[in-house]
Amino acid sequence: MTALTAERRRRVNLRGWSGRSIAGVILVLFVLFFAIPIVWLLFAVTKSSKALTVANPFSIGSWADFVANWNQLFGFQDGAVTLWIGNSALYSIGALVITLIVSIPAGYALALTEFRLRKALLVLTLVVMLIPSTALVLPIFLELNTVGLIGNPLSVILPMSFFPFGVYLTYIYFSTSIPRDLLAAARIDGCTEFQVFTRVALPLAAPIVALVAFFSFVQNWNNFFLPFVMLPSSDGYPIQVGLTSLLAATPAFNPSSAGSDSVQLPTLALATIVSILPVLIVFLFSQRFLVSGMTAGGTKE
């Protein structure tokens, strides 16, 4: 009986060890699959165009080549890249502010107040949330063209502010995490509904405000198709759309672009890093607040 038990334990240990080994191998493969391109990209910006093609892909170039790539990038079309980054910041932050002003009260109203057509609005929010954003670009373009906003920053900011996912996140949070007795006590103390929201519910909703803000900013910054359609002039491009101009000026992808204003592959790699750097910075600085905010305002029942 003892020998049989020991044999069963040995088999269980072998199965557990083999399962962990397979999981570890798969994890390493996934890490390599995503890490190798990023490492290559980081090294590419330190090389010249010739070194990028003939040198070891994972060798580090020189500081002089990095400075040359930097100067070429920000000297492209008389500083167009700086303008595009500023446009991205304007569109993303402008849409973010409107999103928070609209989404947080909307989610609160759907979760904690009663009014006519409340359930219909909630269902409509869910349906619109499932529609691909690209499918809405054409009708939005026709609407904004009717009122003459095409080419205006508002043609990008206003559609970006439409964020049903943020409304739904806020609705779920207020429905499950805010004690209704606490809100009722505030009403008994004489608070109006607006004061209940601003003085009680909103401070407790810091986690969801941070989440909605983060998701909204990332989506707005990375949005390509909407500004590409709405902005006919390159002066209004955000950085994501501006990358197409850099790509068109790279002889490796467009041989007819060879000239004084052409862009080399290391410079294009640097432009890619610059375009995602703000999102990375926002994530790194907001991560601590997002994690700590998830436990803020908690109550025990």
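These legends describe close-up views of a predicted model. Local features need pLDDT of at least 70, side-chain atom pairs count only at pLDDT 80 or more, and totals for chains, interfaces and linings use all residues. Residues are numbered from 1 along each chain as its sequence is written, and side-chain values use heavy atoms, with hydrogens and water left out.

**View A. Phe-33 and Phe-34 form an edge-to-face pair.**
A search of the whole structure finds 15 aromatic pairs. Rings of Phe, Tyr and Trp (its six-membered ring) pair if their centres lie within 6.5 Å; planes under 30 degrees apart count as stacked, over 60 as edge-to-face and the rest as tilted. The ring centres of Phe-33 and Phe-34 are 5.2 Å apart and their planes stand at 90°, so this pair is edge-to-face. Phe-33 is exposed at 60% relative accessibility. Phe-34 is exposed too, at 52%. (Buried means under 20% relative accessible area, exposed over 50%, partly exposed in between, with a 1.4 Å probe and protein chains only.)

**View B. Tyr-108 and Phe-197 form a tilted pair.**
Their centres are 5.0 Å apart, with 55° between the planes. Tyr-108 lies in helix 4 (residues 80-112) and Phe-197 in helix 10, so the pair ties together parts 89 residues apart in sequence. Helices (H or I, at least four residues) are DSSP runs, numbered from the N terminus. Tyr-108 is buried, with a relative accessible area of 5%. Phe-197 is buried at 10%.

**View C. Thr-198 sits in helix 10 (residues 193-204).**
Thr-198 is partly exposed, with a relative accessible area of 27%. Pro-105 is 93 residues from Thr-198 in sequence, yet their C-alpha atoms are 9.5 Å apart in space.

**View D. Helix 4 has a kink centred on Thr-99.**
The kink is about 25°. The bend at a residue is the angle between axes fitted to the seven residues ending there and the seven starting there. At 1.5 Å a residue, the 33 residues of helix 4 should span 48 Å, and the end C-alpha atoms are 48 Å apart, which agrees. The expected span is 1.5 Å times one less than the number of residues.

**View E. Ring pairs link five Phe residues into a cluster.**
The members are Phe-163, Phe-165, Phe-214, Phe-215 and Phe-283.

**View F. Ser-275 is buried in helix 14 (residues 265-293).**
Its relative accessibility is 2%. Ser-275 touches Trp-221, Ile-239, Gln-240 and Leu-243, leaving aside residues up to four places away in sequence. Contact means heavy atoms within 4.5 Å.

How values were computed
Helix = DSSP H or I, 4+ residues; strand = E, 2+ residues; numbered from the N terminus.
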